[in-house]
Amino acid sequence: MHPIIVKSMKVFTTNQSLHSCLASLKTSASSLGFVPTMGALHQGHLSLIKRATKENENVVVSIFVNPTQFNNTGDLETYPRDLNQDLKRIESIESLGEIIVYAPSEAAVYGNSVTKEAFDFGGLELQMEGKFRPGHFHGVGTVVQKLLDIVGPTQAYFGEKDFQQLQIIKKLVKISKTNVKIIACSIEREPNGLAMSSRNTRLTSAERFHASKIYDVLKTTKGKFSDTPLDEITKWVANQFEKDAIINLEYFQISEQLTLQPANKIEPQKKYRAFISVYIRNIRLIDNIALN
Ligand code: AMP
């Protein structure tokens with residue numbers, strides 16, 4: 001299969017064509033950045049790609065909606081997909097090196113067995129998203145390992161927007177002894193503070209406006225962290241959403257950053273984060289903030 005060449009961007013859908021392109025690029029000194037995505041690209045994704053292009057000679061961006069990480073088929077079916085739009089957005093990025101888009105079929109990634117492996121992430125997978133989306137991180141671990149094996153990057157970029165996922169990926173590459181550096185990228189937000197997400201496009205403009213409250217609550221939590229007992233903060237957050245007609249709180253948790261265990265008492269040498277998940281109608285939104 002021939003690549004479609006658009007400026008400094010090439011698009012591949014098969015592993016073979018991707019591999020022959022990568023082989024032609026490799027010199028002994030070359031670094032290859034990798035940004036895995038599920039498409040429906042927004043400025044959050046683009047910030048990862050831009051950073052990867054600055055820090056590597058060449059960059060692979062994968063666009064693949066991974067079936068094994070969805071908890072229900074409805075969510076998988078309604079997940080926004082628009083490859084042409086995504087390619088236009090990637091094309092707008094200025095890069096000296098090559099941006100290689102890998103948009104594989106299910107068979108290219110999974111062969112003929114679309115199944116997820118079971119991992120032991122040392123308990124990271126049991127907190128927060130793991131509780132509310134059972135099996136989700138096993139699906140994420142399965143696809144990320146497969147993609148890392150296919151692409152073979154020197155550095156892979158993940159957003160702190162999905163902070164629990166980021167910690168799980170760090171654990172995954174340790175367990176599998178995959179030789180890749182995992183780079184954490186900060187959260188991109190809309191002007192009103194709402195964390196950018198492919199799901200935001202499903203909100204009405206009134207909902208999107210009101211959803212700024214999620215980040216406002218997180219910022220106030222950060223302000224309270226140094227002098228307010230944790231259970232009081234948690235109650236305060238629950239109160240903020242109790243009478244909210246638009247936002248339904250699913251969970252709020254303050255965790256130690258490395259283990260993601262819920263914080264009971266604060267140890268000054270450790271780092272903590274607040275994590276939140278809400279629903280607006282059937283649209284699920286997550287966010288988090290560093291507290292110290
Ligand atoms: P997704 O397509 O949702 O799987 O996301 C692909 C990557 O983009 C993941 O590493 C996400 O954490 C990251 N990402 C998504 N939204 C944002 C955001 N608002 N800011 C920074 N990174 C993000």
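This passage goes through the ligand site of a predicted model and then a handful of individual residues elsewhere in the chain.

The ligand comes first. A shell of 17 residues surrounds it, and the closest of these are Met-38, Gly-159, Asp-162, Glu-188 and Met-196. Sorted by class, the shell is made up of 7 nonpolar, 7 polar and 3 charged residues. Three elements each put at least two residues into the shell, namely the strands β3 (32-37) and β6 (155-159) and the helix α2 (43-55). Of the contributions to the shell, that of α2 is the largest share, at 3 residues.

On the side-chain side, an N or O atom of Asp-162 is 2.6 Å from a ligand oxygen. Backbone atoms take part as well: a backbone N or O atom of Gly-159 lies 2.9 Å from an oxygen atom of the ligand, while a polar backbone atom of Glu-188 is 2.9 Å from a ligand nitrogen. As for cover, the ligand would expose 490 Å² if taken alone, and the protein buries 92% of that area. The space that the ligand takes up is also the largest cavity.

Leu-260 is not a glycine, yet its phi is positive, at about 65°. Leu-260 belongs to the loop that runs between β8 (247-256) and β9 (272-280). What is the relative accessible area of Leu-260, and is the residue buried or exposed? The value is 0%, so Leu-260 counts as buried, the cut-off for that class being under 20%.

Arg-281 also has a positive phi without being a glycine, in this case near 50°. Its place is the loop between β9 and β10 (283-290). Arg-281 has a relative accessible area of 48%, so it is classed as partly exposed; a residue would have to be over 50% to be called exposed.

Ser-95 is located in the loop between α4 (83-91) and β5 (99-102). With a relative accessible area of 18%, Ser-95 is buried, because the class takes in values under 20%. A polar atom in the side chain of Ser-95 lies 3.1 Å from the backbone oxygen of Gly-97.

Glu-129, for its part, is found in helix α6, which covers residues 129-132. The relative accessibility of Glu-129 is 6%, so this residue is buried too. Which residue does the side chain of Glu-129 meet in a polar contact? The partner is Arg-284, and the contact joins the two side chains at 2.9 Å.

How far apart are Asn-179 and Gly-152 in sequence and in space? In sequence they are separated by 27 residues, and in space their C-alpha atoms are 8.5 Å apart.

How values were computed:
Residues are numbered from 1 along each chain as its sequence is written. This is a predicted model: local features need pLDDT of at least 70, side-chain atom pairs count only at pLDDT 80 or more; totals for chains, interfaces and linings use all residues. Side-chain values use heavy atoms; hydrogens and water are left out. A residue is near a molecule or strand if one of its heavy atoms lies within 4 Å of it. A polar contact is a pair of N or O atoms within 3.5 Å; within protein, one must be able to donate a hydrogen and the other to accept it, and residues adjacent in sequence count only if both atoms are side-chain atoms. Accessible areas come from the Shrake-Rupley method with a 1.4 Å probe; for residues, only the protein chains shown count as cover. On a 1 Å grid over the protein atoms alone, a cavity is a set of points where a 1.4 Å probe fits but cannot get out, and a pocket is an open set with protein on both sides within 12 Å along at least five of seven lines; lining residues have an atom within 4 Å of a point. A molecule sits in a cavity or pocket if more than half of its atoms lie within 2 Å of its grid points. Helices (H or I, at least four residues) and strands (E, at least two) are DSSP runs, numbered from the N terminus. Ala, Val, Leu, Ile, Met, Phe, Trp, Tyr, Cys and Pro count as nonpolar, Asp, Glu, Lys and Arg as charged, and the others, Gly among them, as polar. Buried means under 20% relative accessible area, exposed over 50%, partly exposed in between (1.4 Å probe, protein chains only).
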